[in-house]
Amino acid sequence: MPDMKYRTILLFGAPGAGKGTQGKILGTIPHFYHCACGDVFRNLTIDNELGRTFLEYSSRGELVPDEPTVRLWRENILVNKQSGRFDPHQDTLVLDGIPRNPTQAEMLRDTLDVKGIFYFTCPDMEKLVERLQRRALRDNRLDDANLEVIRARLETYERDTKPVLDYYGSNLVRTIDATQSPVNVLREILRIIAKV
Ligand code: ADP
């Protein structure tokens, strides 16, 4: 457990909703530190046991088991703290991809001080599927290339991840229409962030 809770904003929404795009931009603003759990996994190599576990689960559109996921995430944040890239006294953590179910939220209860949740909504499933397929080659994402895997991920999101919203409660949630252009999504987020 860290000596203090991290001031945190969660980016929340289905795969393909645009959390990564916005997270990267927000991470360039001084005093915001972006961390995408999926990126932490993708930076592992397959000579690493957890790297192999990640490939096994993500290629089926399933979540990696909670315990190694949270452990890896903690290790990653610690490394970035020690190197000075993340300064919890100054920075707001912009988290994407974790916690991904209520169990992970509970495991991180003493670590995260969640100030707000940006909930990217996209009622049009087909639009999400299209976005994921488009980025498959560009981002070298095997799990985006296969329609069956995409469907499985969307199901996992509905079943396992969405209940995280109830865990934190609706007064933290800010709904953002993710079908807008990236620049308009950004404008909405910045308008909310600038107020707090
Ligand atoms: P997306 O949300 O667009 O599907 P991510 O990069 O966030 O992509 O995640 C890719 C995969 O990595 C997930 O399908 C899952 O297998 C694994 N993963 C990422 N974050 C977590 C997490 N917090 N818990 C369990 N598995 C995770």
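Start by selecting Tyr6, Tyr33 and Phe86, which together form one aromatic cluster. Keep in mind as you look around that this is a predicted model.

How many aromatic pairs does a search of the whole structure find? The answer is six. For one of them, pick phenylalanine 12 and tyrosine 119: their ring centres sit 5.9 Å apart and the ring planes are at 70°, so this pair is edge-to-face. Now colour the strands. Phenylalanine 12 belongs to strand β1 (residues 6-13) and tyrosine 119 to strand β4 (residues 112-121), so the pair ties together parts that are 107 residues apart in sequence. Buried or exposed, these two? Both phenylalanine 12 and tyrosine 119 are buried.

Next, show two helices: α1 (residues 19-26) and α9 (residues 182-195). Two packed helices are described by the angle between their axes and the distance between the axes. Here the angle is about 55° and the axes are 11 Å apart, an arrangement that makes α1 and α9 oblique to each other. The crossing of α1 past α9 is right-handed. Want to see which side chains are involved? From α1, select Gln22, Ile25 and Leu26; they meet Pro182, Val185, Leu186, Ile189, Leu190 and Ile193 of α9. Sorted by type, the residues of this contact are eight nonpolar, one polar and no charged.

Most residues other than glycine have a negative phi, and most peptide bonds are trans. Find histidine 31 in the loop between α1 and β2 (32-36); at 45% relative accessibility, it counts as partly exposed.

Asparagine 140 also has a positive phi, about 60°, and is not a glycine either. Look for asparagine 140 in the loop between α6 (125-138) and α7 (147-161), where it is exposed, with a relative accessible area of 69%.

For the peptide bond, zoom in on isoleucine 98 and proline 99: the bond from one to the other is cis, with omega near -5°. Proline 99 lies in the loop between β3 (92-96) and α5 (102-107).

Last stop: aspartate 47, in the loop between α2 (37-42) and α3 (49-58). Aspartate 47 is exposed, with a relative accessible area of 67%. Draw a line from its C-alpha atom to that of glycine 97, 50 residues away along the chain, and you'll span 24 Å.

Key: Residues are numbered from 1 along each chain as its sequence is written. This is a predicted model: local features need pLDDT of at least 70, side-chain atom pairs count only at pLDDT 80 or more; totals for chains, interfaces and linings use all residues. Side-chain values use heavy atoms; hydrogens and water are left out. Axes are lines fitted to C-alpha atoms, for helices over the stretch in contact, and angles run from 0 to 180 degrees between N-to-C directions. Helices (H or I, at least four residues) and strands (E, at least two) are DSSP runs, numbered from the N terminus. Angles under 35 degrees count as roughly parallel, over 145 as roughly antiparallel, 65 to 115 as roughly perpendicular and the rest as oblique. A crossing is left-handed if the near helix is turned anticlockwise from the far one by less than a right angle, and right-handed if clockwise. Contact means heavy atoms within 4.5 Å. Ala, Val, Leu, Ile, Met, Phe, Trp, Tyr, Cys and Pro count as nonpolar, Asp, Glu, Lys and Arg as charged, and the others, Gly among them, as polar. Rings of Phe, Tyr and Trp (its six-membered ring) pair if their centres lie within 6.5 Å; planes under 30 degrees apart count as stacked, over 60 as edge-to-face and the rest as tilted. Buried means under 20% relative accessible area, exposed over 50%, partly exposed in between (1.4 Å probe, protein chains only).
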